[in-house]
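Let's take a walk through this structure, starting with the overall layout and then zooming in on one helix pair. Keep the 3D view open as you read.

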Amino acid sequence: AYSDSSFQAEVRTLIEEAEGNEAKYLSLLAPTAGRMQDPVFKRFGLPLGQRGVMLMKMAVKTIAAHSESVAELAGDLRELLGLEREEGTVNALVHEADR
């Protein structure tokens, strides 16, 4: 869904509208991404909106910390949302916590 050309066009428009302000971009992105996330959240029993996003992010980060393939997929999804990849940061934090 995130790779859909019309969704990607919306993401590009939001990036331009935010003019480099990350907080503004995230607030603009939330309803747009929510339209794509809601069916997935419903399917897996997650609450819609910000609470569902936070639960999803926690679950993905937990699994990605132990699975390079999941970390890579999460990075790919972040890029489709116009966000920076995180997998290097997440894995570094997990390895630091394991010490």
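Helices here are DSSP runs of H or I with at least four residues, and strands are E runs of at least two, numbered from the N terminus. With that in hand, the protein reads α-α-α-α-α along its sequence, which comes to 5 helices and 0 strands.

The protein has a mean pLDDT of 89, with 88% of its residues at 70 or more. Where pLDDT is low, the predicted coordinates should not be read in detail.

Now for the helix pair. Helix α3 (residues 50–64) packs with helix α4 (residues 68–80) at an angle of about 140 degrees, and their axes are 7 Å apart. Angles over 145 degrees would count as roughly antiparallel and 65 to 115 as roughly perpendicular, so α3 and α4 are oblique to each other. What does α3 bring to α4? On the α3 side there are V60, I63 and A64, and they meet V70, A71 and A74 in α4. Sorted by class, this contact has 6 nonpolar residues, with no polar and no charged ones.

Zooming back out, 29% of the 99 residues in the protein count as buried. As for contacts in the protein with a separation of 6 or more, residues 24 or more positions apart account for 40% of them.

Definitions and conventions:
Residues numbered from 1 in each chain as written. Predicted model: local features only at pLDDT ≥ 70, side-chain atom pairs only at ≥ 80, totals over all residues. Heavy atoms only, no water. Axes fitted to C-alpha atoms, helices over the stretch in contact; angles between N-to-C directions. Parallel < 35°, antiparallel > 145°, perpendicular 65-115°, else oblique. Contact = heavy atoms within 4.5 Å. Nonpolar A, V, L, I, M, F, W, Y, C, P; charged D, E, K, R; others polar. Buried < 20%, exposed > 50% of the residue type's maximum accessible area, 1.4 Å probe, protein only. pLDDT = per-residue confidence, 0-100.
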